[in-house]
Amino acid sequence: QAQLVESGGGLVQAGGSLRLSCAVSGSIFSINAMGWYRQAPGKQRELVAVITSGGRTNYADSVKGRFTISRNNVKNTSYLQMNSLKPEDTAVYYCHADLPGSQMGVWGRGTQVTVSS
């Protein structure tokens with residue numbers, strides 16, 4: 001069974017940057033799309049960015065131009081580079097991986113990102 005582990009979260013000042021990583025472990029033959037989601041207290045989980053196995057990306061309007069999602073298919077790892085962070089980016093960030101034959105995919109446990117003003 002595949003497992004996802006996020007890392008790179010923390011406390012950063014507004015305008016700063018963080019780079020999140022999501023490592024997929026287990027018997028992985030291939031991964032379809034990988035995505036990053038976030039959830040703030042009292043809010044529903046929202047899609048931040050997604051990247052296909054071919055490297056095509058899509059972003060939430062709120063992060064376009066500031067965040068960049070990427071992946072390393074050899075390392076089975078996705079990344080979320082977050083620049084020009086704003087306090088409203090504060091949330092728990094979760095990575096997700098779509099696996100062939102998996103109905104719901106696999107979720108990481110989340111990493112806290114806190115942006116202070």
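**Before starting**

Residue numbers start from 1 along each chain as its sequence is written. Because the model is predicted, local features need pLDDT of at least 70 and side-chain atom pairs count only at pLDDT 80 or more, while totals for chains, interfaces and linings use all residues; side-chain values use heavy atoms, with hydrogens and water left out.

Strands here are DSSP runs of E, at least two residues, and helices are runs of H or I, at least four residues, numbered from the N terminus. Two strands pair if DSSP finds at least two bridges between them.

**Stop 1**

Ser-7 stands opposite Ser-21 of strand 3.

Leu-18 has Met-82 of strand 8 as its bridge partner, and Ala-23 stands opposite Thr-77 in strand 8.

**Stop 1: Ser-21**

Select Ser-21, which is in strand 3. Is Ser-21 buried or exposed? Its relative accessibility is 19%, so Ser-21 counts as buried (buried means under 20% relative accessible area, exposed over 50%, partly exposed in between, with a 1.4 Å probe and protein chains only).

Next, show the contacts of Ser-21, where contact means heavy atoms within 4.5 Å. Leaving aside neighbours within four places in sequence, Ser-21 is in contact with Val-5, Glu-6, Ser-7, Trp-36, Thr-77, Ser-78 and Tyr-79. Gly-108 is 87 residues from Ser-21 in sequence, yet the two are 11 Å apart in space, C-alpha to C-alpha.

**Stop 2: strand 9**

Select strand 9 (residues 91–97), where Ala-97 lies.

- Strand 4 (residues 34–39) is joined to strand 9 by 6 bridges and runs antiparallel; Arg-38 stands opposite Tyr-93.
- Strand 11 (residues 111–116) is joined to strand 9 by 3 bridges, also antiparallel; Tyr-93 has Thr-111 as its bridge partner there.
- Strand 10 (residues 106–107) is joined to strand 9 by 2 bridges, again antiparallel; His-96 stands opposite Trp-107.

**Stop 3: Ala-97**

Ala-97 counts as buried, because its relative accessibility is 0%. Not counting residues up to four places away in sequence, Ala-97 touches Leu-4, Val-24, Ile-31, Ala-33, Met-34, Gly-105 and Val-106. Ser-116 is 19 residues from Ala-97 in sequence and 29 Å away in space, C-alpha to C-alpha.

**Stop 4: the largest pocket**

Select Gln-1, Ala-2, Ser-27, Ile-28, Phe-29, Ser-30, Leu-99, Pro-100, Ser-102 and Val-106, which line the largest pocket. On a 1 Å grid over the protein atoms alone, a pocket is an open set of points where a 1.4 Å probe fits, with protein on both sides within 12 Å along at least five of seven lines; lining residues have an atom within 4 Å of a point.

The largest pocket holds about 150 Å³ of space; grid points are joined across faces, edges and corners, and a volume is the space filled by probe spheres set on the points. Coloured by class, the lining has 6 nonpolar, 4 polar and no charged residues (Ala, Val, Leu, Ile, Met, Phe, Trp, Tyr, Cys and Pro count as nonpolar, Asp, Glu, Lys and Arg as charged, and the others, Gly among them, as polar).
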